[in-house]
Every structure is written in structure tokens, then in C-alpha cells.
Amino acid sequence: MSIEIPPGLPPGIQYSSGDEGPTATCFRCGICCTEYQVPVDQTEVNRIADSLGLSLALFSDKYIDPHWYRPGSFLLRHCDGACIFLERGAGRSAYCLIHSVRPAACRDWTPSLYRRECRAGLTKYWQLTVDSSGQLQGSEQALRLFQTFIKSLV
Ligand code: SF4
Ligand code: SF4
């Protein structure tokens, strides 16, 4: 069984053109947050530290990777194989603890069924794949569960 996207899953999945092909609604698998360390500049460090009510020194000690530094540029630390701000519960979705003040690199990241990371999340958490024509492939039950979840996000 397959579901064609677009337009098979309105209103949950939204599309626009982009470098990575059509973008999709993020289904919060967190794979991208495990694969990359996010660069932040001083302004972003200040903003996130302020939102957490931490001094810059405390924030840096806890959240900045001490092994990488360029003037004015830093990397968020990873912890247990993922960004230190990624919170994963028992379910299939994760969330960002600093979502409202997340760095530009995270804001600019576009979810897409053409992205390797998003496809990995589909397979790992939903037992779904995407075929060459952009259709989700999987069992009827897996597709139904995913569809229900996507609709719950909007
Ligand atoms: S800051 Fe948030 S969105 Fe960005 S990598 Fe970390 S957990 Fe993911
Ligand atoms: S890999 Fe894709 S679907 Fe998963 S959290 Fe990142 S952007 Fe969202």
C-alpha cells in the first residue's frame, strides 16, 4: 500500500520548493539533531543563555563543546549521541528544549522527504520508506498511524 504525497495527506503535510526538493512537515524524529552539531554565534549564545537564565560562563560550561572553537563561533555540545537540547520521550517523537530560541542553523533546516535524515526517521520510527516517485511505502497500519500522527501536529 502507498500514500501519495503530495497531495495525499492534507492538511498535515505542507510543501514548498527548496534546495532539498519539496519540504514536508517535520515529524519530529530528531535524527537531524543526532547527526549534526549545531554552530552558534555569540548573539545566539547570549540569547539562549538568557532564555535559560544562565550566565554566559555557566551556559558555556554546560552546553558548549569545549573541543571546538573558532573566534565568535561555537558548537552546541552533544550528549548521549544527540544535541544536548534534544529531549526524547518514550514515543516516536522528540522535541527541542530551546525551540523558541533555537539557532539559525536549526531554523533554516528544511524537513524534506528527499533528505536522507528524514527518510532515516521514517524508517526507524514509522517503518516507512519513500519510493522514487515520492510516495510513502509501508504497511496499511504503519501508514495509518503516521497519517494520524501528522494530522495531530496541525
Ligand atoms: S538546538 Fe534544538 S533543533 Fe537544534 S539540534 Fe539541538 S535539539 Fe535539534
Ligand atoms: S530528520 Fe527531518 S523529520 Fe526528523 S526531526 Fe529532522 S527535519 Fe524533522
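1. Which element gives the most to the shell around ligand 2? The answer is α5, with three residues; helices such as this one are DSSP runs of H or I of at least four residues, strands are DSSP runs of E of at least two, and both are numbered from the N terminus.

2. Some conventions come before the rest. This is a predicted model, in which local features need pLDDT of at least 70 and side-chain atom pairs count only at pLDDT 80 or more, while totals for chains, interfaces and linings use all residues. Residues are numbered from 1 along each chain as its sequence is written, and chains are lettered from A and ligands numbered from 1 in the order in which they are written.

3. On the overall fold, the protein has six helices and nine strands, and buried residues make up 23% of its 154 residues. A residue counts as buried if 20 or more other C-beta atoms lie within 10 Å of its own, as exposed if 12 or fewer do, and as partly exposed in between, with C-beta atoms placed from the backbone. Of the contacts with a separation of 6 or more, 60% are accounted for by residues 24 or more positions apart, a contact being two residues whose C-beta atoms, placed from the backbone, lie within 7 Å.

4. Around ligand 2 stand C26, F27, R28, C29, G30, I31, C32, P111, E117, C118 and G121, where a residue belongs if its C-beta atom, placed from the backbone, lies within 6 Å of the molecule. The elements that give two or more residues to this shell are α1 (31-35) and α5 (116-126).

5. By class, the shell around ligand 2 has seven nonpolar, two polar and two charged residues; Ala, Val, Leu, Ile, Met, Phe, Trp, Tyr, Cys and Pro count as nonpolar, Asp, Glu, Lys and Arg as charged, and the others, Gly among them, as polar. The shell around ligand 1, which includes C33, C83, C96, R102 and C106, divides into 10 nonpolar, no polar and one charged.

6. Within α5, the residues C118, G121 and L122 are buried. Seen down the helix axis, the buried residues of α5 fall within an arc of 100°, so they line one face of the helix; the arc is that of the directions from the helix axis to the C-beta atoms. What covers these residues includes α1 and β8 (129-130), and just after α5, Q127 takes a positive phi of about 55°.

7. Finally, Y69 lies in the loop between α3 (56-63) and β3 (73-75), and is exposed because 11 other C-beta atoms lie within 10 Å.
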